[in-house]
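Let's walk through how charged side chains can be read in a model.

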Amino acid sequence: MVTNYDGEQIEIPKTLPLLPVRDIVVFPYMIIPLFVGRDASIRSVEEALAKTDRLIFLASQKDIADEHPSSEGIYEVGTVAMIMRMRKLPDGRIKILTQGLCKAKIKEFSQTDPYFQVAVDKVEDPGDGQISETEALMRTIREKLEKVISLGKVLSPDILMVLDDISSPGRMSDLVASNLGLKVSEAQNLLETYNPAERLQKIHDILTREIEVLTIQAKIRSQAKDEMSKSQKEYFLREQIRAIKSELGDSDPKGEEIEELREKISSQKMPPEVEQEAIKQLNRLERMHPEASEASMLRTYIEWLVDTPWSKTTKDNLDLARAKAILDEDHYNLAKIKERILEYLAVRKLKDKMKGPILCFAGPPGVGKTSLGKSIARALGRQFVRISLGGVKDEAEIRGHRRTYVGALPGRVIQGLKQAKTNNPIFVLDEIDKLGSDFRGDPSAALLEVLDPEQNYSFRDHYLNVPFDLSNVMFIATCNSLDTIPGPLRDRMEIIQLSGYTEEEKFFIANKYLIPKQIKENGLKDEQIDLTEEAIRTVISQYTREAGLRNLERYVATLCRKTARQVAEGKKDETIVDREAVYKFLGPAPYTREDEQEKDEVGIATGLAWTSVGGEILYVEATTMRGRGGIMLTGQLGDVMKESGQAALGLIRWRARDFGLSEDVFAKTDIHVHFPAGAVPKDGPSAGITMATAIISRLTGIPVRKDVAMTGEITLTGRVLPIGGLKDKALAAMRHGVTNIIIPDKNKKDLEDIPEEYREKLNFIPVKTIDEVLDFVLVKKIKTMPRSTGKASGGSTRQTGKRMPSAASGEIAAAPASPGLRRGRAA
C-alpha cells in the first residue's frame, strides 16, 4: 500500500505499464512534468489513465539517444508514480504531471509490444531508526544545503522549509537528490541504494563536492570583479551622470562626444600600446576646454587612431583556379606575373601566416602595370589602394608630419590603409622611379622601412607615433625605368619585367578588352558599330608605335565617338568601320611603311635601342667629308654612346686594311655619325656595332641591308659584348617589319624570354666579332688590302727607325702653312 497526494491508501497492482524516461531519474515524492512523444510511451500513458488508480512505472533508460529502447536498455529500479494531470499538445505529444510514490524493482517484462508492461516489487527502506549518527548526518546535510544556496546554486526556495519538517532519513535523501540536478548515472546510483544512511552519506559527499566547485566559482567571480578596469567603473559612473543630466534636461555635447570616442576605442581591438595611448590622449581631451587650440588637434589625432584598421582583415580567397581565371580574364599573356601570384596563393594556402611580398612591375607605359594590381586584388578578394609617387619630394609624404605642425596629417601609407579599411590590402605604389628629393628629405629613403619585410611589422608614422604592422600588406610598385631607383630601395623589391606588346597581341587585346569597353563607355550597342579586322590592324600599324596600349585605346575611343555622333544624329543602320573609315575619322596616318628604308643604302644602318617606353629602332647615318681624321657624333648622345663611337673608330683605323681601306684615308677624312630624332636623349653602349657598320659602309661604299637590325657593344679588338632589353628590342623590330636581328652570341640565353610564336617570326643571328656582323649585314663582301710591313695608319717609319710627322696626329697642322707643302702630307 502507498499513499497518494490526496492522502488515500492505494494498493500497487502486480503489473504496471512502463514509461521509459530520458535524461532524468524520478525519485519518490517528486512531482515533475513529463512530455511524452513516442508511440509506445503514449500507449503506456493511455493504459495507465484507463485505470482508476492511474499508476505507471517510471524507469530511466540507459542510452538517452535510443528512440526505441529494449528491455535490456532500461534500468531495473524505478519509481511507481501517479499521473495527476494529462494534456494533449497540438504537435501530437502528451504532457503529464506525475508524482513519485515509492521505489520498485522490475521482476519481469510481461509485455513489450505495443508498449511495455512490467511486473514490479515494491522496495522498502531497510530501517528508519533515529540513531544519533543518522541525525547528525541529516543536520550536516541541511547546513551544507544552506551553504550551497548561499554560494549561488539555484534551488527551490521552499526546500529548506520542507526539510525542517522531514524526520525520515530516506525521504530527506530522496528530496535533496531530486533537487540537485544530478547526472542520470549518479542519480540512478542513489535510487538503487536502499539503505537510507548510505544514501545520506552519498548525498553528503555530493554536497561537499558541490560546495568546493561553487567556492571556486565564487572566487573567480570575485577576482573578475576586482580586476574590472578603471575605465569600466568610470563608464558606469558616467552613464549615471548622463542619466541624471538627462532627467534634469541638461545636455552635454562634449561629454557625448568623449563617450562616443571611448566606445570606438574599446571596439577597435587596438594593440595594447596603441589603446593605452588613445585612452591617455582622450583623458587629456576630456580635461581640456573645448575652445582650446590643442583640443581640435587632439580630437583629430584620436579620430585617426580610431579610423585606422588595426585589426580589420579581409580573408584571402585561396581558390587557385578562380584566381587564375580572373587574371586571365583581365589581362592577356603576362605569364610570369600570373605565375608569381599563383605561387603566393599556393604558399598562403599551405601556411596560414606569411609576410606579404614586395613586387615591382617594371615596363613601358600602358602595358597594364596598375590595372594588374586591381586584378590581383580581385583574385585574392582584398581591397585595392593606389598612391602615385611621381614628383613626391617630401619625406613627410611617406612618414607623415609630426603633430606639432599646424595641419599635420599621417603619411600616404597610413592614409591609404584608412581608405582601404583593412590592414591587408593590395597597395600599389605607382611611378616609384619618379620620386624626387630636396631639403625636406628623401622619400625613397623613407620607403626603405615600408618595403622591408624585416622592418615594416613595426612601421612608426610620425603623426600617429605608434607602431603599425605593415607585414600583411602586399605592396606592388610600378616603374618605367629601374635606373632612377636607388640601389638599396631596388634591392628590397622583387623585380618583374613587363615588355611591350606585338601587333598581334595588340589586335587580340583590342578585340577582347578595348573595343567592348569603349563601345559601352560611349553609349553604343554592339549592333550599332562594326570595327573590321582590317580597320583595327590599320590603327595598330599606322597610328600607334608604342609599347603599350594607351594611344590605341584613344584611337578606338575616337572611332566610337564618331559613330556615336552619327547615331545621335539619327542614323539607323550599323556603322561599318573599315580602313577608309579609319582614314576619314582619324585623319592622315602618322606612321607608314614609307617612313622606313625602301632600299639598301650606303652609310645607313638599323640599330635597336631600349627606352623607358619600350624598344625602338634607330637609323644610324654616317657621312664623310674632307678633314683631318676626326669624328663628330650628333643626336643628343650621352657619354657612354660617344665613347662607343670613339671605340668603333679606333677599331676601324687599327684594322683599316682588313676592311679594304687605305691607311691614308683617315688622314684627310672627317667622319660624321648622326642619330635622327635629335630632340630625344640617347645613351648606352649597345649601338657600338651599329655605328661601326655605318662607318665601314660609308668608307667602303658597300650598302647595308635594310631588312637587318642589330644591337651589341663593340670593343677595340672587334669583339661583340652582350646587351640588355633584348625582348623589347626584338618587339620593336617586329613592329617595324624587320625580321633579321643581329645579337651578341652571349645573349642567346635571353631568347627564352621571348615567346615561341614570336621567335618563329624572327631570325636571330648570334655573332661574336664585328667580322661576322659585316659578313651578314653588307650586301657584298669586303675586299681586304695586304698590310705593308713598314707603315702604320698613323704615319710612316724609315729604315733608320725614326718616326716622321703624321697628318692624322695633327703635327703638320700645328706648323705654319707653306706653299711647298700639301695639307695633311709629310714633306
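**Reading the charges**

Q: Before we start, what am I looking at, and how do the numbers work?
A: This is a predicted model, where local features need pLDDT of at least 70 and side-chain atom pairs count only at pLDDT 80 or more, while totals for chains, interfaces and linings use all residues. Residues are numbered from 1 along each chain as its sequence is written, and side-chain values use heavy atoms, with hydrogens and water left out.

Q: How many salt bridges does the count come to?
A: Side chains of opposite charge can pair when their charged atoms come close. Here a salt bridge is a side-chain nitrogen of Lys or Arg within 4 Å of a carboxyl oxygen of Asp or Glu. By that rule the count is 37.

Q: Where do Glu135 and Arg139 lie?
A: Both sit in helix α2 (residues 132–150), 4 residues apart, about one turn of the helix. Helices are DSSP runs of H or I with at least four residues, strands are E runs of at least two, and both are numbered from the N terminus. The two side chains form a salt bridge at 3.4 Å, N to O.

Q: Is Arg139 buried or exposed?
A: Buried means under 20% relative accessible area, exposed over 50%, and partly exposed in between (1.4 Å probe, protein chains only). Arg139 has 51%, so it counts as exposed. Glu135 has 26%, so it is partly exposed.

Q: What does the salt bridge of Asp316 and Arg348 tie together?
A: The closest N and O atoms of this pair are 3.2 Å apart. Asp316 is in the loop between α10 (293–307) and α11 (320–330) and Arg348 is in helix α12 (residues 335–350), so the pair ties together parts 32 residues apart in sequence. Asp316 is buried at 8%, and Arg348 is buried at 17%. As for shared partners, salt bridges join Glu259, Arg262 and Glu286 into one network.

Q: Where does Asp526 lie?
A: Asp526 is in the loop between α18 (503–521) and β16 (529–531). With a relative accessible area of 56%, Asp526 is exposed.
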